[in-house]
Amino acid sequence: MSDQVAPLPQGAGYAVVVGLGFVFAIGMVATTFALKRYNKEIMTAEEFATAGRSVKTGLIAAAVVSSWTWSATLLTSTSQVYRNGVSGSIFYAAGATAQITLFACLAIKARERAPAAHTYLEIVKGRYGTATHCVYIFWGFCTNILVTVMLLAGGSATVNDLTGMHPVAACLLIPLGVVVYTLFGGIKATILTDYAHNVVMIVVIMIFGFVVWATSSMLGSPGAVWDLVTAYAEANPREGNSQGSYLTLRSRSGGMFFVINIIGNFGTVFLDNGYFNKAFSANPVSSYRGYILGSLAWLPVPAFTSLTMGLAALALNLPLTDSAVAAGLVLPNAASALLGQAGAVLALILVFMAVTSAMSSELIAVSTIATYDIYRTYINPEATGKKLIWYSHVSVIIFAYSMAGFAIGLYYAEVAMGYLYEMMGVIIGGAVLSSTLTILSKKQNWHAATFTPIISTSLAIMAWLVCTKTQTGSVNYLNTFLDDPMLTGNCVALLSPIVIIPVLTFVFKPQNFDWKLLDLRITRVDEDEELAEALGEIEDPENLSPVKSQISVIASQLVESERDRYAEERATMKKAFKLCVIICVTITICLLVLFPMPMYGTGYVFSKPFFTGWVVVFFLWLWYSTYQVVVYPIYEGRHELYHTFRGIYWDLTGQTYKLRAWQNEHPEEMHAVRSQLQAQLSGTATSHDIVDGKAFGDGYTTPAHIDSALDDEKKG
């Protein structure tokens, strides 16, 4: 922790953590009510988990940016710049952007091959069965636990440093508002609050940028920062950096962090069900676009923030202890030094937004796993939508406060957020490749999918600890946090499956999986009762048939007119996959190789003009992010916003009869009807449509095809 006296009173911490949290909670409750009244949205189990599978590109991109902006995104990246210079900025940003970009390829395939899925673990279960399913549930929960604990650890440390508020109180109170609006709005609430969080975060980052690079009396220009950081490096050269400078990408420690960052974040994207939640919630053609555009919009958030605040801390020569740097407290201290109490307030709000936005995604991710992969799969397969949503609510509360207790334990154990961030790849990296091939390759067999995570993680932990013992002579917290052991463990975790999977597949023979079987094995929830309630009050709750029939008739009338468009979207997804792979791989190579490696290899030290250009590029890039995640979602959703605000106006002016008349004349605009229409078009059965393992009805797989496919699978 920092030795400085907290710049803000404890009351400020409680005001932000409790007050601002409840402002968002109340706002989302009001938004949920408005969506229900004016768009006929109702919180069914499907709606809670998938938002009607209709979220557009702009909001998906905004959700990606917000969910991927953890407390570590801002705090760890800034600490890396303080330690290693400008390399920390680009190595964090580029090293964590590649995973989101590549995930677009996985998102499009998961959506195409399992249109009824709520989690990627349902695909694992549908393909490999119970044993493999349980293995990936474990690794999925490990991912969500590590991410959530990091969020609370970083957030509570920042609140404590800036206000003196006890970290235990912060750990208990930060989740409170998030739990409230998640319970009321599900993933739709998460995505909409992600948008609001983005607005606040980008405004705060812009303020810091203008202060450091333009208006500050202490700094005020890239040239002034270059002079001060160069002078600091002359007095305190950084070991392992080219010429001891902080203005170079040649950094031994920075390069090692780059690799650790890449490996660890593959696990926290590809194994985090929160990212699949958004893919399954997207409009079919929006899933991959949202992830590609979102990744490009996310990159300047950590890159520009860490560059700005990390170099400001170096230029101002802030006296920070190693423990404060490891805890991620460079950013709040730099903000306080630059702007006094105003800077402390801005830093507090910025980190709080990052923590709560990412945490809401984790809560939804865990609730869908608990509901669909545990409760509906193994406890109550015939559960109705109302039962599932109740179970989702319970799981959100239990997970949130279990993680609060875990974070409190880590606080008393003095385990820093930076340690968790670098260790996560060792624990979860071994399951990345096998889970990815579950969706992409029909050849990976049961043995490779089941045993690879166990073997790889065991080898990674062993390599991590053996390297620590060999290098230092003893295994303890500080020694295991060194660069070499962390790098070794992370590399073994991610790379060993490249050998293990082919060996197991060759020894036990490849599988030849028929993807059409997923349509049979992953079923949607029966939510007729909830949809009936969405279209009007029910006079006889025991007899839902009339209103169900109304929904069915309206949706059926729309099916034919929409079927061609839907078929075109599915065809577009199939065609887009190759283009998506080309785009994503090209962007990844540029970010990880073509962009940073030449400057790393040459050991180039930034001249003042080059450094000025570097700052300008990332500042301009942040303006693109502003358009992509703030302006574009409003433009894309302008029609829905118009309908909603028009309905509010009619209510406020006593013209409610116009709202009812419009809803009766345009049932195709109602979200409840669109959800039913989507289900009919996708041809995904409910559990009630399955008889003796076979699905019947228009658009469903025929019994003959299923029997043939099952025979082929057994032979394969």
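## Second largest pocket

A pocket is an open set of points on a 1 Å grid over the protein atoms alone, with protein on both sides within 12 Å along at least five of seven lines. Its lining residues have an atom within 4 Å of a point. A volume is the space filled by probe spheres set on the points, which are joined across faces, edges and corners. The second largest pocket here has a volume of about 1000 Å³.

Its lining comprises 41 residues. R83, D322, S323, A326 and F481 lie nearest the centre. By class, the lining has 25 nonpolar residues, eight polar and eight charged. Nonpolar means Ala, Val, Leu, Ile, Met, Phe, Trp, Tyr, Cys and Pro; charged means Asp, Glu, Lys and Arg; the others, Gly among them, are polar.

## Basis of the model

The model is predicted: local features need pLDDT of at least 70, side-chain atom pairs count only at pLDDT 80 or more, and totals for chains, interfaces and linings use all residues. Residues are numbered from 1 along each chain as its sequence is written, and side-chain values use heavy atoms, with hydrogens and water left out.

## Nonpolar cores

A nonpolar core is a set of buried Ala, Val, Leu, Ile, Met, Phe, Trp, Tyr and Cys residues joined through side-chain atoms within 4.5 Å. Buried means under 20% relative accessible area, exposed over 50%, and partly exposed in between (1.4 Å probe, protein chains only). The largest core has 193 residues. W70, F103, I123, W213, Y291, L311 and F611 touch the most other members. Helix α15 (residues 330-379) gives the most to this core, with 20 residues. Helices are DSSP runs of H or I, at least four residues long, numbered from the N terminus.

F611 touches V86, W213, P222, V225, W226, L247, L311 and F606 (heavy atoms within 4.5 Å), not counting residues up to four places away in sequence.

## Helix α6

Eight of the nine residues of α6 (residues 120-128) are buried, so the helix is largely enclosed by the rest of the structure. Those buried are Y120, L121, E122, I123, V124, G126, R127 and Y128. T119 caps the N-terminal end: a side-chain oxygen lies 3.3 Å from the backbone nitrogen of L121. After α6 comes G129, with a positive phi near 100°.

## Positive phi in loops

Q243 is not a glycine, yet its phi is positive, about 60°. Q243 lies between α9 (222-235) and α10 (252-270) and is exposed, at 71% relative accessible area. K509 also has a positive phi, near 75°. K509 sits in the loop between α22 (497-508) and α23 (517-521) and is exposed, at 61%.

Key:
Helix = DSSP H or I, 4+ residues; strand = E, 2+ residues; numbered from the N terminus. Polar contact = N/O pair within 3.5 Å; in protein donor to acceptor, adjacent residues only side chain to side chain. 1 Å grid on protein atoms, 1.4 Å probe; cavity = no way out; pocket = protein on both sides within 12 Å on 5 of 7 lines; lining within 4 Å.
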